[in-house]
Amino acid sequence: MKILTMNKIIEETTIDVCEPSDNAAVIYTTRQMSAQIGFNEAEQFLIAAAASELSTNIIRYAKKGVVVLRFIKKIISEQESSINITGIEITAKDSGCGISNVDQAMQEHFSTGNSLGLGLPSVKRIMDEFFIESSPENGTVVIATKWRE
Ligand SMILES: Nc1ncnc2c1ncn2[C@@H]1O[C@H](COP(=O)(O)OP(=O)(O)O)[C@@H](O)[C@H]1O
Ligand SMILES: [Mg+2]
């Protein structure tokens, strides 16, 4: 039996981040898009918190970067039937110094910034899918997706 999966971008917003006040835009826009997708208020709050952790990291460790928010739809078809699921994909990308040890950075309470070290682990916990890639040459990219139940 053949299963076909297709991802579609319904809407996309890019937010440039370089100073702490840009976090407000990230939080506001993430909440708006989450509400539009149909996440409940508690979910909207958590997703916005995840986006804010990522933009905070960009500002603190890489100075500047972008947060891209996407309203996405996954279409899974199998023979005659198909189902749709919608979700939000948050991409945080910078060209900063990179993370020297990603496994270590993903541990709770690891921080090179003298803070709680809970940002990345909480983003991973809140969201359904989590991808991170980092190098000194290319900086850091995190892609985190949450699907609506
Ligand atoms: N965008 C980034 N660029 C470079 N280093 C980063 C970035 N994001 C996270 N890090 C590194 O990963 C560590 C863990 O991040 P995080 O879990 O958010 O905790 P905290 O920000 O409290 O240190 C940071 O201390 C930092 O060393
Ligand atoms: Mg952090």
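How many helices and strands are there in the protein? The protein contains four helices and five strands, where helices (H or I, at least four residues) and strands (E, at least two) are DSSP runs numbered from the N terminus. This is a predicted model, in which local features need pLDDT of at least 70 and side-chain atom pairs count only at pLDDT 80 or more, whereas totals for chains, interfaces and linings use all residues. Residues are numbered from 1 along each chain as its sequence is written, and chains are lettered from A and ligands numbered from 1 in the order in which they are written.

Along the sequence, the elements follow the pattern β-α-α-β-β-α-α-β-β. The C-alpha atoms fill a box of roughly 55 × 30 × 25 Å along the principal axes. Of the contacts with a separation of 6 or more, 65% are between residues 24 or more positions apart, two residues being in contact if their C-beta atoms, placed from the backbone, lie within 7 Å.

The strands may be followed through their pairings. Two strands pair if DSSP finds at least two bridges between them. Strand S1 (residues 3-17) pairs with strand S2 (residues 65-78) in the antiparallel sense over 14 bridges, and threonine 5 stands opposite isoleucine 76 in S2. S2 is in turn antiparallel to S3, again with 14 bridges; arginine 70 has glutamate 89 in S3 as its bridge partner.

Strand S4 (residues 129-135) and S5 are antiparallel over seven bridges; here glutamate 133 is partnered by valine 141 in S5. S4 and S5 form a hairpin with three residues between them. Strand S5 (residues 139-147) has a covered face that includes Val142 and Ala144, and an uncovered face that includes Val141 and Ile143.

The interior comes next. Buried residues make up 27% of the 149 residues; a residue is buried if 20 or more other C-beta atoms lie within 10 Å of its own, exposed if 12 or fewer, and partly exposed in between, with C-beta atoms placed from the backbone. The largest nonpolar core has 24 residues, of which Ala50, Ala51, Leu54, Val67 and Ile90 touch the most other members. Such a core is a set of buried Ala, Val, Leu, Ile, Met, Phe, Trp, Tyr and Cys residues joined through C-beta atoms within 7 Å. Helix H1 (22-37), H2, S2, S3, H4 and S5 each supply at least two residues of this core, and H2 gives the largest share, seven residues. Not counting residues up to four places away in sequence, alanine 51 touches Val26, Ile27, Thr30, Val67 and Ile90.

Ligand 1 has 23 residues around it, and Asn57, Ser111, Thr112, Ser115 and Gly119 come nearest; a residue is near a molecule or strand if its C-beta atom, placed from the backbone, lies within 6 Å of it. Helix H2 (41-62) and helix H4 (119-126) each supply at least two residues of the shell, and H2 gives the largest share, five residues.
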